[in-house]
Amino acid sequence: MRGLVIKSTGSSYIVRLDDGTDAECHIKGNFRIRGIRSTNPVAVGDYVEIRTLGDGTNWITEIEERRNYIIRRSTNLSKESHILAANIDQVALIVTVNHPVTSTTFIDRFLATCEAYRVRAILIFNKIDLLTPEELEQLAELRNLYESIGYETLAISAIDLNSEAINAESSNARSAINAMLSGKVTLLSGNSGVGKSTLLNALFGREMTRTGRISDAHDKGMHTTTFSEMYFLEDGEVIDTPGIKGFGSIDMSREEVSHYFREIFAVSRDCRFGNCTHTNEPGCAVQEALIKGFIALSRYESYLSLLGDCTETKYR
Ligand SMILES: Nc1nc2c(ncn2[C@@H]2O[C@H](COP(=O)(O)OP(=O)(O)OP(=O)(O)O)[C@@H](O)[C@H]2O)c(=O)[nH]1
Ligand SMILES: [Mg+2]
Ligand SMILES: [Zn+2]
């Protein structure tokens with residue numbers, strides 16, 4: 001029987017079968033997909049073939065070829081890879097200017113990964129209700145920056161999306177989100193505590209999944225969501241995922257890194273040397289654009305951090 005993996009707990013999977021029922025399924029310990037080394041061979045969004053044994057247990061026997069997927073490499077030394085989801089139309093990266101702070105390095109590493117896997121990414125800035133005037137200014141600057149590079153951005157307050165006293169702003173945010181999700185499979189990702197699950201609950205207008213609180217001491221999320229799960233809207237699917245901390249590099253060569261920073265790549269055509277790494281070469285158009293302010297320093301720093309990772313792996 002064929003089905004769609006809608007939840008992954010690590011040890012078992014919930015598969016929605018073609019007849020509409022859900023089945024808990026397992027995989028054999030040695031199940032591996034050629035060419036991908038990851039901690040989870042099967043991911044939410046995968047279409048699979050299952051077989052039920054005489055004892056009633058269900059086993060995933062096959063995974064259909066993926067249209068796409070996103071892999072995250074953790075930043076720790078083990079360099080483990082984890083497939084965040086498969087067969088998705090887009091990623092909504094939920095970020096917060098504060099409570100908790102999402103770093104631009106994290107945003108840029110995530111965006112670069114989406115570029116590498118050719119998955120469209122949208123930035124949703126959440127918790128705007130908590131921001132000070134200075135932070136709102138910062139929000140505007142960040143939105144400007146990413147929009148100028150070509151990324152769609154939204155600014156919302158997930159807890160107010162359905163507020164009784166709906167004001168023009170929240171109803172605009174609501175329709176922008178609906179338009180964004182309509183007819184698509186969307187992966188929600190971001191740091192812990194940024195409000196992914198809160199947004200999901202707001203979309204459904206009821207508690208579909210647990211939300212956490214932010215630690216008083218560190219202003220960080222508490223990793224409330226522990227499993228990835230797909231939820232079915234009337235018109236689209238949304239995958240809620242556990243918050244992630246760092247975002248390690250993906251396998252890419254030094255030359256490739258700049259391909260995943262759109263504005264850097266665009267300018268690099270004018271570098272004197274074809275193999276310019278945009279670090280200290282003469283005639284580097286990227287460094288010139290940086291000095292002139294056409295490329296943001298934060299983006300360039302993120303580029304350097306990914307480039308640094310490549311050097312590391314190269315000589316390891
Ligand atoms: N003030 C405010 N609080 C919010 C908003 N969105 C989420 N929160 C709060 O932030 C906390 C964390 O929200 P979650 O939805 O659990 O965050 P998450 O991204 O799912 O976190 P993980 O599951 O750990 O990855 C909760 O206390 C939410 O109520 C918002 O727009 N404004
Ligand atoms: Mg959550
Ligand atoms: Zn250059």
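The model is a predicted one, in which local features need pLDDT of at least 70 and side-chain atom pairs count only at pLDDT 80 or more, while totals for chains, interfaces and linings use all residues. Residues are numbered from 1 along each chain as its sequence is written, and chains are lettered from A and ligands numbered from 1 in the order in which they are written.

Where the two meet, 12 residues of domain 1 are in contact with 16 residues of domain 2; contact here asks that the C-beta atoms of two residues, placed from the backbone, lie within 7 Å. On the domain 1 side, the touching residues come out as three nonpolar, six polar and three charged. In this sorting Ala, Val, Leu, Ile, Met, Phe, Trp, Tyr, Cys and Pro are nonpolar, Asp, Glu, Lys and Arg are charged, and the others, Gly among them, are polar.

Strands β8 and β9 run parallel and are joined by six bridges; two strands pair if DSSP finds at least two bridges between them. V91 stands opposite A121 in β9. To get from β8 to β9 the chain passes through α1, and this β-α-β crossover is right-handed, meaning that, with the strands pointing away from the viewer, the path from the first strand over the helix to the second runs clockwise. The pattern carries on with β9 and β10 (residues 152–155), a parallel pair held by four bridges, in which I122 has E152 as its bridge partner. Together with helix α2 (residues 133–149), β9 and β10 form a right-handed β-α-β unit.

Helix α4 (residues 196–204) is mostly covered, with eight of its nine residues buried. A residue is buried if 20 or more other C-beta atoms lie within 10 Å of its own, exposed if 12 or fewer, and partly exposed in between, with C-beta atoms placed from the backbone. The buried ones are K196, S197, T198, L199, L200, N201, A202 and L203, and their cover includes β8 (90–95), β11 (185–189), β12 (228–233) and β13 (236–240).

A few spots in the backbone stand out. Most residues other than glycine have a negative phi, and most peptide bonds are trans. H99 and P100, however, are joined by a cis peptide bond with omega about -10°, and P100 lies in the loop between β8 and α1 (104–116). R118, in the loop between α1 and β9 (120–125), has a positive phi near 55°. R118 counts as exposed because it has 7 C-beta neighbours inside 10 Å. D219 also has a positive phi, about 55°, without being a glycine, and is found in the loop between α4 and β12. With 13 C-beta neighbours inside 10 Å, D219 counts as partly exposed.

Definitions and conventions. Helices (H or I, at least four residues) and strands (E, at least two) are DSSP runs, numbered from the N terminus.
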